[in-house]
Amino acid sequence: MTAPEDLHEWLSFDIDDDTYQFDVTFLTSPWTCIFGRGCPGVLTGPAPELEQGCCSYGAHFTDKADRKRVIALSEVLGPDEWQFREESDVAGGPVYKNDDGEWVTRLQDDACIFLNRPGFAKGAGCALHQAAVARGERFIDWKPDVCWQLPLRLEHKLDENDHGTYVLREWKRRDWGEGGDEFHWWCTDDPQAMVGHQPVYEELRDEIVELVGEVPFETFVEQVRRRPSVQLLPHPSLKKRP
């Protein structure tokens, strides 16, 4: 029988009456963000020269606290840090409620208003991310939740007995809804982003701990490191390399 093309290995364990399931295949892969290093972006065609990454469509907020935090932090950014500071002020702020009743970041020149573009003095990249790094702070405390979580996705489910299951996996095209099918490129699908020098669980340690907590993360790491690497299933994208 032929193995499925998108074959992943999983690790599952219980802690404090909750179940945690980790996508071992992705978390031990060499995926890394290649923003500004040839990332084709998520438009309908390749556009590495725009340096937009996955910021072309703005960001949705997970809740009111997420939105209010980002708005408050945006107010401390000066025009030397944020290319579209003035445009945001004129528009009434960097976020708005769209036609579907969802709070999102505004778009400016066909991308997120927080995205500084090539040629800006501070360089291309998220103004919130850059400001956090410049201040010696964690960018995950500054950016919208969805922005620092990508390409990780945490799902929480409750069964009929209120038993919780947390599933940590890679973010796939389908998680964007119908729009994901229109992307010319998505980073977890392609070996171009599988060029990191350490596994995802090390590179994105802070993000994973923020999502699942310290104890589940350390339990995962302990179990994975007990096993010889030869036994780990390679990520499907690595099989696409010429």
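Modeller: Happy to! Buried means under 20% relative accessible area, exposed over 50%, partly exposed in between (1.4 Å probe, protein chains only). Helices (H or I, at least four residues) and strands (E, at least two) are DSSP runs, numbered from the N terminus. This is a predicted model, where local features need pLDDT of at least 70 and side-chain atom pairs count only at pLDDT 80 or more, while totals for chains, interfaces and linings use all residues. Residues are numbered from 1 along each chain as its sequence is written, and side-chain values use heavy atoms, with hydrogens and water left out.

Biologist: Which residues of helix H4 (residues 127-134) are buried?

Modeller: Seen down the axis of H4, the buried residues fall within an arc of 130° (directions from the helix axis to the C-beta atoms), so they line one face of the helix. The face turned away from them carries the exposed Val133 and Ala134. The buried residues of H4 are Ala127, Leu128, Ala131 and Ala132.

Biologist: Thanks! How many residues apart in sequence are the parts tied together by Arg173 and Asp189?

Modeller: These two form a salt bridge (a side-chain nitrogen of Lys or Arg within 4 Å of a carboxyl oxygen of Asp or Glu), with the closest N and O atoms 2.8 Å apart. Both lie in the loop between strand S8 (164-170) and helix H6 (200-203), so the pair ties together parts that are 16 residues apart.
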